Amino acid sequence: MSQGATQTNYDRLGTRFSNRSWAQNDEIAKPIRSLTSSLSGNRWLEVGSGAGDFTRILSGPGRDIVGLDLSIGMLHGARTQVGLKSAVQGDVCRCPFESCTFDVVACRNVLKHCSDMSSAIVEMKRVCRSSGHLVVVESCVANELDRAFMNSVVAVTEPNQSPFLRPGEWVEALTDSRARLVSSTTFTHQVVSTPDYRVEQYGLSENQLEEHWKLFANAPEEIRGQKEIRQSSDGVLEFRLLWVAIVIQLMASPANSQEG
């Protein structure tokens with residue numbers, strides 16, 4: 001989907017999106033909380049905050065989290081279902097905030113959907129103070145076979161999504177001369193997808209839905225075992241998706257050495 005189509009789709013989904021809250025799953029929440037629980041600073045920005053599911057994981061005593069998202073429908077969901085107090089409509093590639101505003105800037109499953117991922121990363125770093133942190137959680141792949149398979153899947157469901165990266169490639173994309181890796185971890189969680197969910201989430205046609213199902217049915221044996229793929233006769237699909245969670249710390253630079 002294009003950026004405009006993505007925004008329209010998530011406006012349509014609105015609060016219903018958070019009803020499938022993966023954030024309640026300890027397979028996901030525990031590894032992320034273990035990386036973020038000790039981060040200092042109360043001013044947090046969550047880009048691509050959606051209906052607030054990731055906010056549930058990031059929340060902690062004293063943390064003031066601002067949500068940024070393109071979709072008004074999703075931001076309404078975050079306010080009503082998660083109680084997010086500060087919700088701003090905007091694009092991560094053009095963050096509507098002053099430089100060095102936040103102690104921590106976080107996102108989950110956002111960067112690979114950006115039309116210009118490099119610009120999004122630059123903007124996340126710009127609005128984060130020096131010595132502050134970036135927290136990035138993205139789905140990823142284990143090897144080249146996995147990459148080829150997952151890219152074939154999103155070619156059907158989300159043809160404008162960026163190609164899948166390995167965990168180390170995500171680290172390389174986020175680090176530079178003034179951004180160092182603090183910690184990272186990989187984890188998996190079980191995806192359970194019904195035909196109704198796939199149509200609602202991605203707006204698939206009947207032919208696309210059939211193609212999507214067949215891709216998993218005909219997956220290489222190595223992929224079937226690695227992802228624990230299971231399919232039922234009524235179209236329910238289950239598989240394990242690999243994720244990486246990364247914490248990056250920014251260093252001082254001449255551009256932000258005068259921040260207050």
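**Notebook: salt bridges**

I began with Asp103, which forms a salt bridge with Arg129; their closest N and O atoms are 2.5 Å apart. This pair links distant parts of the chain. I found Asp103 in strand β4 (residues 102-108) and Arg129 in strand β5 (residues 128-139), 26 residues apart. I checked burial next: Asp103 is buried, and Arg129 is buried too. I keep in mind that the model is predicted.

Then I asked how many salt bridges a search of the whole structure finds. The search gives 14.

Next entry: Lys125. I see a salt bridge from Lys125 to Asp176, with 2.7 Å between the closest N and O atoms. Lys125 sits in helix α5 (residues 117-126), while Asp176 is in the loop between α7 (167-174) and β6 (179-193), so the pair ties together parts 51 residues apart in sequence. Is Lys125 buried or exposed? Lys125 has a relative accessible area of 8%, under the 20% cut-off, so I noted it as buried. Asp176 comes out at 41% relative accessibility, so I put it down as partly exposed.

Last entry: Glu144. The side chains of Glu144 and Arg166 meet in a salt bridge, 3.5 Å from N to O. Glu144 belongs to helix α6 (residues 144-157) and Arg166 to the loop between α6 and α7, so this pair ties together parts 22 residues apart in sequence. I looked up accessibility again. Glu144 is partly exposed at 44% relative accessible area, and Arg166 is partly exposed at 32%.

Key: Residues are numbered from 1 along each chain as its sequence is written. This is a predicted model: local features need pLDDT of at least 70, side-chain atom pairs count only at pLDDT 80 or more; totals for chains, interfaces and linings use all residues. Side-chain values use heavy atoms; hydrogens and water are left out. A salt bridge is a side-chain nitrogen of Lys or Arg within 4 Å of a carboxyl oxygen of Asp or Glu. Helices (H or I, at least four residues) and strands (E, at least two) are DSSP runs, numbered from the N terminus. Buried means under 20% relative accessible area, exposed over 50%, partly exposed in between (1.4 Å probe, protein chains only).
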